[in-house]
Structures are given as structure tokens and as C-alpha cells.
Amino acid sequence: MPSHPSSPRRAGIIDLGSNTVRLVVFEHQPGRWFRLVDSIRERARLAEGLTEDGMLHEAAVDRALAAIELYADYAEAAELDSLEVIATSAVRDSKNGGDLLERIAGLGLEVRLLSGEEEAGLGVNAVANGLLVDDAWVVDQGGGSAQGSLMADRRWQWGTAYPLGALRLAERHFGLGARSDKAKPAQIERAESEIAEHMRPFAERMQSDRRPLVAIGGTIRCVARIIQKRENYPFEVLHGYRVAATAIDDLLRDLIKLDYDRRCRLPGMSSERADLVLPAALLFRWLLRQGERDELIVSGHGLREGAFYRRFLSHPHLLEDRRAFSVGNLFAQFGQPRLHAERVMRLALEMFDGLRELHGYGAEERELLARAAILHDVGMTIDYYRHDHHGAFLLGSSALNGFSHREQILLILLVRYHRKGTPSTGPFAMVLRRDDRERLGVLTVCLRLAEHLERSRSGRVVRVAVETSKRSVRLRLFGPVRPSVEIWEAAKDARLFSRVFHRRLDLEYGGSDGIAPSARIPLPGS
């Protein structure tokens, strides 16, 4: 039963892939906010054992249909507003794929067979909305095929599907599951020769065009997760993770020495992909070498997210401001009263601007401060007590689209220390810059003082004027009445202020006649 127009809608997408069949469900209000609320996957391995005459094995078809029937039952029970089945290379490249599509349609489901170009275009759309990258070479390796695309100005320009999916490469060269033994040099050579046969023109174009390489797909994410574990990377989010070419080289040297059972025991390994990580690592190592790149960027979003954006956004299906939307999307799910957040943001930015001659920071830091101010109280949705910790947990639980890992970690730390405590980079130091400790201190002071100057949540401090001298900083607070509790709370941070700015903090009520009319500082990017 469809939802009321003003109510959130729930869209289901079934990705009928060569390796897995996955249902994802997004709850959303079109164009405003969305969130993933469910994900179910079954390893059907539809492309496994594709016969010489290009026929899908009946056992694989039965596995896929069984999963889709379960998902259709789920959709009916959950009363989803829409359910779409998307079929990719395994169906596209087989002679009897049409029969499978007819059987799916017989279940009353909307089914769409993507061409190689359409599949690549959806992957690019996911990257364009999920990463702060406008131009890139995008390679989406699934189980059956790999789509190589050029993204320019956030739009798909051209691309080609190659028969180089991780499942197909594994089956042709290394074996699957328990049949997967230690890789032999001859097998590695044959696999790389096949990759080169198909992708050499793509790599040559990469050489002459220095756009970054973005990688999509469950198996390359598995490779990235293993590398994160090997390097003791302190941030578990994969979306936006930058994988060094040398790290893939090192991992491959170890993978080649391990049989299937020992690969399964690697930290970060998914047992369902233990036989696929070797061919995936080979493909991307070859691309990095031939394309002369030092790293690739992992996208946690791909085909399914790209398909969802086609429903969520009007043409051209692109978020106007990825960072502003991402912050607003999180606020929509966990936010507190908007007016309080905006007041804290305004006060924090007034202090940041007034203290600029002391800290010397610019637009980048100012934006991070504004975003942190909007999100500082999201942890209140869990509980008031320790809501600074709860908020930091929420910000670190999933990717914040459009932000680098470093930027997201700074936001996490700002939310964590917006109430109390001595700001510390802690285990995140390896991801941050050397000077981020000082940067964190300055931004924390501005945010914490702003929070305390809005302590009664009544807007009594309308404006802050900053006056600096060699030994002190005076904050003159303007509002309709003397903000006694706000001054009392803010004075508690005098010691932290002095430690960061090396000046004494003085707080003074400036009266009501210094209030600027319509004093408002907009959120950067809004």
C-alpha cells in the first residue's frame, strides 16, 4: 500500500548480480533525505559455470529465483512503495538470460536488463553523488564484468563493459571455493594477459589524463578492508578510503602464497569473497601500474545507489551540494531543534571570524566548524548523558558523503569535544595532518563557547563582538537581557581558551543596543 504523499516512502532495489543477489531498501522523502533501512543478500553465483555455449546453469538460475521470490515476499509484507529488479552482466551475456527475466516478470516484479553502458552510468552517478570528485576514471568490478568509465563534470561521458568480473576471472584462472589453491606464476601471468588484452586502451587513456581512479565493487571493498586491518587504520569506513598502490602490491604478494582456507582467515576477509580477492587485486594492480597511479579511491556506493538516485532526484540526478546535503541528511535523521543548531553555528562563526588574526585559518576550517555546529547535538537522539560521545559514534558509523576521511574525523572530534574534555586526536592521528591538533583546538574552542553562550537555548546572546589585545580577548555579548547563565558556563572554558590562544578570556555583556538587525550567518554551501 503506497504511503501518504507527505510520509516517507520506501523503495526496494534488487541487484541481480553475477555473484550475489541483493535487496536494498531506502526510506526517503524525494529530494529531501534518505537512509538505507535494510539490506539482504544471497550468494547465488549466477555466472558460475556458464557453459561453453553461453547458457546459465539451471542450479544457478534456481538459486537466483529462490532469492528473488523471498525478496518479493518481503516487499509485500513490508508494503514497499516500489520494488525494481536490475539485471546485469550474467543475464546480459547469457543466451538463456531472457528466460530468467520472464520467470522474474511472472512474479509480478518490475525487471530491467541493463546494457553495459547503463550499468556504467549508474556507477558513475553513485560516485558523482557520494564522493567529492567531479572528474575521474571509474572502474566498477562486479562478479561477471568490469565497467570502465570516464566521468567528467560529474557526468558519465563514455564507458565499456569488459568480461573481467572477479568471479569470471577466478573461475577461468584460479578456481572457486575449496577448489582455489595457491596461485601459480603461470596462472597469474594468464590472468594479467587477459586483463591487458581487454583494458590496455583504457589504461593508455588514463596515462594521458591524470584524473583519479575510483574503484567500485564488493570485492575491491573487501581488498580495502583487509588493507585497513593490516595497516591498523583507525577508521572503519571504506567509502572514500584511499588505497596506496604499494599496499595492493604487498597484499598480492601474500595472497599468492595462501590457499583458500588460509585466505579465509585473513583479518577483514569476507568468506564469501576469499576466492575473488586475488583476481580483483590483480585487476586493480594492473590498472594502477599501467595507468601510472599511486593510489585509488574506494567508493562504497555503486550500482544500487546509482539506481536509487534516479528515483530520488530529478534529472540529471545530481545533488547540487553533496556536503550540505550529507550534513542535512544526517540532521534529518538524528537532529535536534534546528533553531538551536543555527544559533550555535552563527555564534561559532562570529567568534571564528573575530579571532582570525590569532588563528589564521580560512574557508576550509570555517566550513568544518559550521557543519560541526549543525550536527553537534545529534547524539541527543540516544540520550542526553554522554550525548557528545553518542554524537561522535553516529558520525563515525557510516560515510559522510562528500567529505574526506580526514574531514569526517575532524567533525567526529569536534562533536565529541563540543561540551567538555581536552581535545585530542587520539587513535586518529595517523589519518590527520601534523597540524590538525592545533586546528582541532581552535575549532573546538569556538564551538564549545558558542554552545555555552546558547546554554538556555533561548537565543539570549544574539551577537558576539571579539576584541583582541596582546594579553587578552574580550567577548562582548549582545542580547535583550543579560545572559547570566551563558556567561557563567562560557567562563568555565577560560583555561582551554588560554591554552589554545595564549590569551586571557574576558566575557562582558554589551547590552541590547548593539544587536545588528537580522544578524544571520548562512551555512556555507546552503
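Reply: Two strands pair if DSSP finds at least two bridges between them, and helices (H or I, at least four residues) and strands (E, at least two) are DSSP runs, numbered from the N terminus. This is a predicted model, in which local features need pLDDT of at least 70, side-chain atom pairs count only at pLDDT 80 or more, and totals for chains, interfaces and linings use all residues. Residues are numbered from 1 along each chain as its sequence is written, and side-chain values use heavy atoms, with hydrogens and water left out.

Me: In what order do the 3 strands of the open sheet lie?

Reply: The pairing in this open sheet is mixed. Strand 12 (463-468) and strand 14 (504-511) are its edge strands, each pairing on one side only. The order is therefore 12-13-14.

Me: Which residue is the bridge partner of V464 in strand 13?

Reply: Strand 12 and strand 13 (residues 472-478) run antiparallel and are joined by 6 bridges. Within strand 13, the partner of V464 is L477.

Me: Is helix 5 parallel, perpendicular or oblique to helix 6?

Reply: The axes, lines fitted to C-alpha atoms over the stretch in contact (heavy atoms within 4.5 Å), of helix 5 (residues 166-173) and helix 6 (residues 185-208) come within 10 Å and cross at roughly 140°, with angles running from 0 to 180 degrees between N-to-C directions. Angles under 35 degrees count as roughly parallel, over 145 as roughly antiparallel, 65 to 115 as roughly perpendicular and the rest as oblique. Helix 5 is therefore, relative to helix 6, oblique.

Me: Which residues of helix 6 meet L169, R172 and H173 in helix 5?

Reply: On the helix 5 side, the residues are L169, R172 and H173. Their counterparts in helix 6 are Q187, R190, A191, E194 and I195.
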